[in-house]
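Welcome, and please take a moment to look over the sequence and the model. We will then walk through a few places together.

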Amino acid sequence: MQGLGKPSDGLVPKGFEPFNEAFPHGVFPKTAIHEFISHEPHQAAATSAFITALAGKFTKENGVCLWVGNRNVYPPGLKHFGINPDRIVFVNTSKLKDILWTTEEALKCDVLSAVVADTKELGFTESRRLLLAMERSGVTGFIHRHSPRTENAVACTTRWKITPLPSFSPDGLPGIGYYCWEVQLLKVKNGKPKSWRIRWADDGFQTLYDAPSNIQNPEKQAG
């Protein structure tokens, strides 16, 4: 795979418009490690879906994504979030040491478009190693930490929390509507933490309704 090389056109993928305002220069960071924290099973499921949607933006055309850890996603459902299952290589392992080693090696492989890792713990030293690997290759990394002991400081560019919201049905039609999430950007280097209420529709992120910018009090402007 490394022998094929990855075309570099210097362009940032489109489709991140709801989130761009929180980042320096109004651009979603492509060359970065994004950390996600979840504590409950429903949060973990929503986080996996949201990461899949993000990764799908980086794997358009012939991009390839590597997903490391205990696979807790349903491959046929990935296409709904904009990524074909055959564009993902799953590496199933439950040992923390193996997950971190595989993730680091994958982030060095510049033919990949994105790397997703499911793990529980991530120390600052380990996160620094992942960041250095990413900086050399330019591969986007997504680290999903489910039920960590503590939300310790890491070297990742961002930290997110995703909470599912009731689905949105257009025009009040019966049945399952659009997937909706409360998206909290808790930390971002040189940016502005913010919160959004987002739905996934028409292969893209759409603002459901105005969400407060103060992530410490997400219900302050609910009205």
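Why does Arg159 count as buried? Arg159 has a relative accessibility of 3%, and buried means under 20% relative accessible area, exposed over 50% and partly exposed in between, with a 1.4 Å probe and protein chains only; therefore Arg159 counts as buried. Before going on, please note that this is a predicted model, in which local features need pLDDT of at least 70 and side-chain atom pairs count only at pLDDT 80 or more, while totals for chains, interfaces and linings use all residues. Residues are numbered from 1 along each chain as its sequence is written, and side-chain values use heavy atoms, with hydrogens and water left out.

Let us stay with Arg159 and look at its partner. The side chains of Arg159 and Glu35 meet in a salt bridge, with 2.8 Å from N to O. Here a salt bridge is a side-chain nitrogen of Lys or Arg within 4 Å of a carboxyl oxygen of Asp or Glu. This pair links distant parts of the chain, since Arg159 sits in strand β6 (residues 158–168) and Glu35 in strand β1, 124 residues apart. Helices (H or I, at least four residues) and strands (E, at least two) are DSSP runs, numbered from the N terminus. Glu35 counts as buried because its relative accessibility is 1%.

In total, the structure holds nine salt bridges. Another of them joins Lys108 to Glu105, with the closest N and O atoms 3.2 Å apart. Lys108 is partly exposed, with a relative accessible area of 33%, and Glu105 counts as partly exposed at 34% relative accessibility.

Now turn to the nonpolar side chains. In soluble globular proteins, nonpolar side chains tend to be buried together. A nonpolar core is taken here as a set of buried Ala, Val, Leu, Ile, Met, Phe, Trp, Tyr and Cys residues joined through side-chain atoms within 4.5 Å. The largest such core has 34 residues, and those with the most contacts inside it are Phe19, Phe50, Phe142, Trp160, Trp181, Val183 and Phe205. The elements giving two or more residues to this core are α2, β2 (65–68), β4 (114–119), β6, β7 and β8. Its largest share, eight residues, comes from α2. Apart from this core lies another, of 23 residues, among them Leu100, Cys109, Val139 and Ile143.

Leaving out residues up to four places away in sequence, Phe19 touches Phe28, Phe50, Trp160, Val183, Trp196, Ile198 and Phe205, where contact means heavy atoms within 4.5 Å. One of these, Phe28, is found in the loop between α1 (17–20) and β1 (33–38). Phe28 counts as buried because its relative accessibility is 1%.

Which rings come together? The structure holds 24 aromatic pairs. Rings of Phe, Tyr and Trp (its six-membered ring) pair if their centres lie within 6.5 Å, and planes under 30 degrees apart count as stacked, over 60 as edge-to-face and the rest as tilted. The rings of Phe50 and Trp181 have centres 5.4 Å apart and planes at 80°, so this pair is edge-to-face. Phe50 lies in helix α2 (residues 41–58) and Trp181 in strand β7, 131 residues apart. Phe50 and Trp181 are both buried.

Our last stop is the hairpin of β7 and β8. Strand β7 (residues 178–188) pairs with β8 in the antiparallel sense over seven bridges; two strands pair if DSSP finds at least two bridges between them. Five residues lie between the strands of this hairpin, and Asn190 takes a positive phi near 60°. Glu182 has Arg197 in β8 as its bridge partner. A polar contact of 3.3 Å also joins the side chains of Glu182 and Ser195. Such a contact is a pair of N or O atoms within 3.5 Å; within protein, one must be able to donate a hydrogen and the other to accept it, and residues adjacent in sequence count only if both atoms are side-chain atoms.
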